[in-house]
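Biologist: Hi! Could you walk me through this one? I'm new to it.

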Amino acid sequence: MPEPLPGEHTSQAVLAALGNGLFAVLSDDERLALARRARLRTFAGGDVLFREGQESVDPAFLLSGLVKLSRSAARGRECVLHLVRPGRMLDAGVLFYEGGLPATAVGVKEGRLLWLDKSALLTALRGNAALGLGLIAALSLRQRLFINKLAGSQGRISASRRVAAWLLHRAKMEKAETLDLGVNREILARLIGISRESLSRELSLLAGNGLISVERRRVVLLDRAELQKLADS
């Protein structure tokens with residue numbers, strides 16, 4: 001487990017971090033048991049948190065900032081698998097993987113995360129069904145995103161459908177019509193599985209048809225119903 005920076009690990013800060021999101025279902029005693037073996041860590045943009053092929057790592061919960069999960073692709077290209085936003089586990093699969101890790105995690109925007117002791121979290125899961133169900137729901141949602149990404153890479157989903165579906169997904173997750181994309185279009189295009197040029201073209205078409213408005217790294221959804229029709233077409 002990465003060492004905390006000097007002065008970072010305070011029980012109150014860890015307990016406060018465990019009081020939200022996935023861990024809100026824990027009792028005070030369960031939360032305290034996790035907190036005693038957890039560490040807070042800050043990271044900067046560009047910091048590698050773990051690497052593809054690494055033998056193991058403890059699970060991490062993102063408190064602030066932005067982290068990308070990626071894999072090495074042909075000819076040295078980077079395949080962006082997912083952008084992890086606050087309130088989510090970086091990769092809950094680390095609890096169960098055998099062999100090397102399947103992806104690399106890199107900070108995109110500076111922030112803080114909570115490294116949890118693997119054995120302590122597994123103990124909490126065994127004793128709290130609500131926590132287990134929450135983790136399964138999170139894993140299922142991410143699996144659905146990866147399945148859609150795979151289908152898109154095989155040419156089964158058009159670029160317009162992929163962009164519309166991704167915008168609707170982000171709006172659902174953030175419970176907002178205005179989306180801060182958080183990354184440049186190159187990273188976003190790799191995440192969706194299309195070229196940067198295709199992404200710019202699709203965003204322009206959606207804006208021209210009055211479905212969204214675009215301003216730099218911010219998108220406002222203007223017509224969810226039509227976006228849904230496009231995503232389902």
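Modeller: Let's start in helix 6 (residues 185–192), where R190 and E186 sit four residues apart, about one turn of the helix. Helices (H or I, at least four residues) and strands (E, at least two) are DSSP runs, numbered from the N terminus. This is a predicted model, where local features need pLDDT of at least 70 and side-chain atom pairs count only at pLDDT 80 or more, while totals for chains, interfaces and linings use all residues. Residues are numbered from 1 along each chain as its sequence is written, and side-chain values use heavy atoms, leaving out hydrogens and water.

Biologist: What do R190 and E186 form, and how far apart are the closest N and O atoms?

Modeller: A salt bridge, with those atoms 3.2 Å apart. The term means a side-chain nitrogen of Lys or Arg within 4 Å of a carboxyl oxygen of Asp or Glu.

Biologist: Which residues are linked with E186 and R190 in a network of salt bridges?

Modeller: K68 and E78 join them in that network.

Biologist: And how many salt bridges does the structure hold?

Modeller: Nine. One of them pairs R31 with D28, at 3.4 Å from N to O. R31 and D28 are three residues apart in helix 2 (residues 28–35), so about one helical turn separates them. R31 is buried at 12% relative accessibility, whereas D28 is exposed at 59%.

Biologist: What about E177, which side chain does it meet?

Modeller: The side chain of R224, in a salt bridge of 3.0 Å, N to O. E177 lies in the loop between helix 5 (159–174) and strand 6 (178–180), and R224 in helix 8 (residues 224–232), so the pair ties together parts that are 47 residues apart in sequence. E177 is partly exposed at 36%, as is R224 at 33%.

Biologist: Switching topic: how do strand 7 and strand 8 run?

Modeller: Antiparallel, with four bridges joining strand 7 (residues 212–215) to strand 8 (residues 218–221). Two strands pair if DSSP finds at least two bridges between them. E215 has R218 in strand 8 as its bridge partner. The hairpin has two residues between the strands, and R216 takes a positive phi near 55° there.

Biologist: Now the inside. How many residues has the largest nonpolar core?

Modeller: It has 28 residues, and those with the most contacts inside it include V163, L188, L199 and L227. Such a core is a set of buried Ala, Val, Leu, Ile, Met, Phe, Trp, Tyr and Cys residues joined through side-chain atoms within 4.5 Å.

Biologist: Which helix gives the most to this core?

Modeller: Helix 5, with seven residues.

Biologist: What does L199 touch?

Modeller: Not counting residues up to four places away in sequence, L199 touches V163, R185, L188, A189, I192 and I194. Contact here means heavy atoms within 4.5 Å.

Biologist: And H169, where does it lie?

Modeller: H169 lies in helix 5 and is buried, at 14% relative accessibility. Leaving aside neighbours within four places in sequence, H169 is in contact with L141 and L145.

Note on methods: Buried < 20%, exposed > 50% of the residue type's maximum accessible area, 1.4 Å probe, protein only.
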